[in-house]
Structures are given as structure tokens and as C-alpha cells.
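Hi everyone, thanks for coming. Please have a look at the sequence and the structure while I talk you through a few places in them.

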Amino acid sequence: MSTPSDNAPAAHSAGAAEESRPSLSALLLDPSFWADWASVVGLVGLVIVFGIAQPVFLSVANLQALLLAAAILVVLSIGQTFVIATSGIDLSLAAAVMLGAIILGLVNAAGYGIFIACVLAVAATSAVGFFNGLIITAGKIPDFVVTLGTLSGITGLGLILSGGEPTMVGSTFLLRLASGSFGPFGYPVWVAISAVVVAHIALYHTRFGVHLLATGGQAESAGALGIRTNRVKIAAYTISGFCAGIASLLLVARIGSAEPLINTSLLLNSVAAVVLGGVSLFGGRASILGPAIGALMLTALVNGLTLLNVSAFYQPLAVGAIVVLAALIMRYQK
Amino acid sequence: MSAANHIPASDAIIACEGLSKHFGGIRAFTDVAFQARRGEVTAVIGDNGAGKSTLIRSLVGVHQPDAGNLFFDGRARPFANPDEARKAGIETVHQNLALIDELTVAQNLFLNREIVRRVGPFAFLDRKAMKREARSMLSRLSINVPSINQRVRRLSGGQRQAISICRAVGSGAKLVVMDEPTAALGVQETANVEALIRRLREQSVSVILVSHNLDQVRRLSDQIWVMRAGKMVATVRASETSGNELVALVTGAV
């Protein structure tokens with residue numbers, strides 16, 4: 001069972017050792033360190049490799065482009081993190097982005113103005129998330145099944161609404177959002193940075209964050225202590241939907257039109273970034289910085305391979321290999 | 001030796017009369033009268049399936065009794081859910097401990113009772129205050145854990161039990177309910193948890209202890225209530241009974 005000295009005063013467990021940080025060498029030998037920091041280690045590794053193989057990779061212009069390209073995935077990964085922290089998974093994330101984009105395009109085309117269009121797009125994707133959470137908790141149906149259903153459902157809805165046709169969105173506001181910059185970073189990067197900061201505070205410095213992790217860790221125990229786990233789950237899915245809405249704004253701004261196409265790699269990469277970020281797929285353990293850096297790493301991988309003239313066909317293979325590797329490290333830690 | 005003691009005594013922290021609960025056609029317990037005195041350790045014993053756990057769960061709002069009256073702290077008040085009971089001052093140490101493995105000791109101690117600092121409309125966790133409080137809660141009960149920043153997953157069974165009890169007591173609860181606190185523990189760990197329960201009694205915390213370890217019950221409690229096949233069949237002072245008498249009461253051999 002355990003050692004006899006468990007609850008008795010013991011020298012090695014006395015207050016003196018409390019709070020002391022482990023030494024660096026012990027840290028480097030601890031597999032959980034590598035799992036927690038997989039995304040950082042991976043990112044640094046990629047930057048070094050690509051920097052040596054193709055010095056253009058490290059040019060300011062390329063790094064700025066890389067960050068810009070990563071912004072959407074970072075925002076989505078944050079949404080996915082909240083859901084995965086509750087031991088769920090949001091498969092409808094990329095479809096929600098598409099729905100948000102289409103609503104944005106249609107409302108804008110109908111002449112209601114870009115701001116109303118943006119607000120409605122975000123409201124619609126948040127509603128999708130809320131609906132996901134409601135069905136999962138009220139119907140007691142596995143997250144996987146519900147969001148798979150929503151994925152298909154809102155794909156259809158998007159096609160019906162748009163008639164399968166892309167809508168051009170010619171808006172100076174979105175154009176400025178996509179191309180403008182403040183300081184060293186473009187606006188989309190700032191949007192992603194703000195999302196990271198807000199989400200980090202929500203996760204680590206609010207009661208909601210603790211309750212989220214408790215719900216994901218042991219829902220039954222959390223419930224026994226009076227935490228309303230269903231509400232927490234619904235909130236997590238709504239946050240995920242909200243992030244999808246923000247991502248849809250960034251996406252439409254970037255490509256200038258609303259397309260009824262689902263970017264499945266966005267969905268898969270959002271899950272991949274979360275895994276790389278050291279978030280447990282079983283819930284209860286999460287960070288925001290990890291998945292954000294995971295998203296950066298995946299974008300850097302694609303960017304670097306492109307610069308090295310590696311065929312685009314090889315890129316999913318590389319992403320897959322890295323994700324499985326990260327999952328193995330996590331497993332080893334247990 | 002009868003369990004029929006209808007009016008709750010003024011020194012009862014919790015009391016019930018005529019309490020019944022059934023699940024469909026299965027009667028968990030019928031017409032139960034029970035009370036626990038303030039500042040005492042009150043034990044409920046009985047064989048597996050006698051209805052102990054269901055009775056306790058009905059007292060703390062997990063189950064809703066079908067009939068009967070429940071008094072807590074001098075007032076008639078059934079609890080609609082565990083949260084209400086918790087707010088009224090009943091803390092339960094669940095059999096599964098209700099700890100969150102991936103959270104730290106300090107986070108577990110303050111789960112759903114977090115200390116916050118308000119900044120305008122926002123409330124942020126006051127982690128320093130919670131850690132400080134957590135340390136003093138643990139030291140008040142002489143509980144040793146390697147660090148309050150340690151994830152609960154890494155702790156031993158006895159330490160986890162101690163954390164769960166500490167959380168229950170630390171909130172200033174009027175009554176702490178423990179369901180089989182040592183069922184899953186080894187010999188030494190059981191001794192540690194028993195020492196902890198004795199410290200609670202020294203500090204005049206009211207405790208209800210569910211157990212089917214008769215020796216433990218005699219060691220720890222002041223008053224013992226015996227359940228058999230869904231009925232409360234007897235109550236005795238721990239100091240005035242013997243192991244043989246308890247065995248007889250539990251098995252129905254009297």
C-alpha cells in the first residue's frame with residue numbers, strides 16, 4: 001500500500017523541503033518535464049534545424065509571416081484546450097469556423113454592415129458551442145458523438161445557407177485587420193496574443209479555471225463538492241465556439257471571402273497543438289501557453305518544410321509523426 | 001436499548017425520526033430515528049447492506065428521504081442537494097474522498113470554496129492566501145504532506161484520507177460525516193487516520209462515523225447506533241458495551 005511513515009512526521013517530508021525547486025539535472029531527467037514542455041522543446045528544435053538548413057527561415061519577414069499564419073490556429077487551440085481540459089473534444093470546431101465565415105459573408109453582403117456581421121458570426125459559433133455542451137450534458141451523450149454530429153450538421157447548414165457558393169467580403173475593416181500591424185506584429189497576432197493572455201488568466205487565476213480542471217479530472221468528485229459540472233462543461237464548449245468565431249473573422253480577413261469549405265487540417269491541428277502543449281486528453285490537466293506554442297510549432301513545421309521545397313504532400317505526414325511522438329512521451333510519463 | 005427517542009435532544013447536532021427511503025421496490029431503510037450529539041463521535045454500524053450509507057447519504061442531501069423529519073442544528077431542514085447541506089455546515093468525507101488527482105493539495109482543500117480577490121467586476125484567485133490557510137489547516141491537525149503544491153495523485157492512501165478529512169474540518173463545519181474512512185487503508189495508515197479522528201474529538205468537532213469495523217468504532221466513538229436490514233435496532237454508549245454485544249446487535253443474535 002504505502003510506507004508506514006505516511007502521515008507521521010518524517011524528516012524527508014518535513015516543511016524544510018517544501019516549495020524548494022528541483023535541481024536542473026533532476027528536471028531534465030524527469031519525463032513529465034519533457035511532456036509538459038514538449039511544444040517548447042519541439043519549437044526550439046525546429047527553429048534550430050530550419051534556421052541552419054534554410055537561413056531565410058530566421059529572417060524577420062518570414063518570422064512575421066509565420067506568426068501571422070499561426071494566429072488562427074492559436075485561437076482555435078485555445079478553444080479546444082478548454083474543451084479537452086474537461087475531458088471532452090470539440091470535433092465541430094473547424095465546421096463552426098466555416099459557419100461563422102459564411103454568416104459573416106452573408107450578413108455583410110445583405111448590407112447590415114461589417115460590425116453586425118462580425119458580431120453575428122461570433123454569436124452563431126458561440127451558440128453552436130453552447131448547443132454542443134447542452135446536448136452532451138443534458139443528453140448524457142459522449143462528447144465525441146455529439147460534436148461529430150454537429151460537425152456534419154453545421155457543414156450542411158453552411159452549404160444550405162451559402163448555396164455552396166463563396167461570398168466575397170470586401171471590407172476595409174477586415175482588410176486592415178488582416179494586413180495592418182501594431183509594433184512588430186500584425187493585428188491577427190495581437191488578437192491571438194490577447195486570446196492567450198485572457199485564457200491563461202481564466203484558467204489559472206479564476207474559480208472557473210479550477211472548477212474546469214476539477215470537472216475534467218474527476219467530475220463525480222467535483223459534483224460531490226457542489227461544483228456544477230454540467231454548467232462548467234457547457235461553458236467550456238461555449239468558449240470553444242467563441243474562439244471558432246474569432247478564428248472565422250481572422251480567416252475571412254485573411255482570404256477576403258467566406259467559403260463553404262471546411263479546413264479539416266485546422267481541426268486536426270487544433271487537437272494536435274493541444275496534445276503537443278502537454279494537455280491531457282483525459283482532462284484535468286491543461287495550460288494555455290503549451291497549446292499556443294504547439295500551434296506555433298505546427299505552423300513553423302509547415303513553413304520550414306515549404307521553405308526547404310519539401311512537397312506539400314509530406315507535410316501532413318510530418319505533423320502526424322510529431323503528434324504521435326508527443327503522445328508517446330505523454331504516455332511514458334504515466 | 002430502544003432506538004425510539006423521538007424528540008431531538010437539545011444537544012443533538014443532527015436528528016431524524018421516522019425517516020424512510022426506498023429505491024423502487026427496494027427499501028433501503030424504514031422508520032429510522034437517529035441522533036448525533038454535539039462534540040461527540042457518533043458511530044453508525046451494521047453489516048453490508050444494512051442501510052448505513054444510504055441513511056448517511058439521506059442525511060446530507062445526496063438522497064431525498066421518502067418520509068420522516070430531519071433536524072439539523074435545532075431546525076427542521078431536509079437538504080435538496082449536497083451543496084445545501086454543505087452550506088448549512090455538514091461536511092462529508094466521501095468513501096471515494098472526492099479529491100481531484102490532478103489538482104494540488106492546496107487547490108483540493110479550497111475546492112469550490114476558493115478565496116478570491118475582487119478587482120472591479122472580476123474575481124481572481126488569491127493563491128497566496130489559500131496556500132497560507134492550507135498550511136495552517138494542515139498543521140492544526142498535524143497532517144504531514146510533502147508539499148501543499150504537490151498534486152494529490154502523488155500522495156498515499158492515508159495522506160489522501162487525511163487531506164479529505166482536513167478539508168471537511170477546515171471549513172469550520174458543524175458536523176463532519178465520514179463514510180468508512182479507513183476501509184481502503186493499511187494498518188499504519190489506519191492508525192494515523194484514527195489518531196486524526198481522536199484529535200477531532202479533542203477539538204470537540206461533531207463527527208458521524210460509518211464503519212463496520214467494530215473494534216475501531218469502540219476505540220473512537222462516544223455513542224454507537226446499530227442498523228440491521230434497514231432498521232435502526234439499537235443504540236449504546238461505547239463505554240458501556242462490549243465487542244460481543246456489538247456483534248450480537250449487528251447480526252441479530254440477541
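Let me start with a question: which side chain of opposite charge is nearest to Arg199(B), and how far away is it? Before I answer, a word on the ground rules. This is a predicted model, where local features need pLDDT of at least 70 and side-chain atom pairs count only at pLDDT 80 or more, while totals for chains, interfaces and linings use all residues. Residues are numbered from 1 along each chain as its sequence is written, chains are lettered from A and ligands numbered from 1 in the order in which they are written, and side-chain values use heavy atoms, with hydrogens and water left out.

Now the answer: it is Glu202(B), 6.5 Å away. By salt bridge I mean a side-chain nitrogen of Lys or Arg within 4 Å of a carboxyl oxygen of Asp or Glu. What the Arg199(B) side chain does reach is the backbone oxygen of Leu141(B), at 2.8 Å. Arg199(B) sits in helix H6, residues 187-202 of chain B; helices here are DSSP runs of H or I with at least four residues, strands are E runs of at least two, and both are numbered from the N terminus. Neighbours within four places in sequence aside, Arg199(B) is in contact (heavy atoms within 4.5 Å) with Leu141(B) and Ser142(B).

Next, the interface. On one side we have 30 residues of chain A, in contact with 41 residues of chain B. The buried area is about 3200 Å², and carbon and sulfur atoms give 50% of that; this is the accessible area (1.4 Å probe) that the two parts lose on being put together, summed over both. The rule finds two salt bridges across this interface. One of the pairs is Arg207(A) with Glu114(B), where the closest N and O atoms are 2.8 Å apart. On chain A, helices H9 (187-205), H10 (207-217) and H11 (219-224) each supply at least two residues of the side that touches chain B. H10(A) gives the most, with six residues.

Last stop: backbone angles. Most residues other than glycine have a negative phi. Asp31(B), in strand E2 (residues 26-37) of chain B, has a positive phi near 50°. Ser204(B), in the loop between H6 and strand E10 (206-210) of chain B, also has a positive phi, near 60°.

Technical notes: Buried < 20%, exposed > 50% of the residue type's maximum accessible area, 1.4 Å probe, protein only. Lys, Arg positive; Asp, Glu negative; His and termini not counted. Polar contact = N/O pair within 3.5 Å; in protein donor to acceptor, adjacent residues only side chain to side chain.
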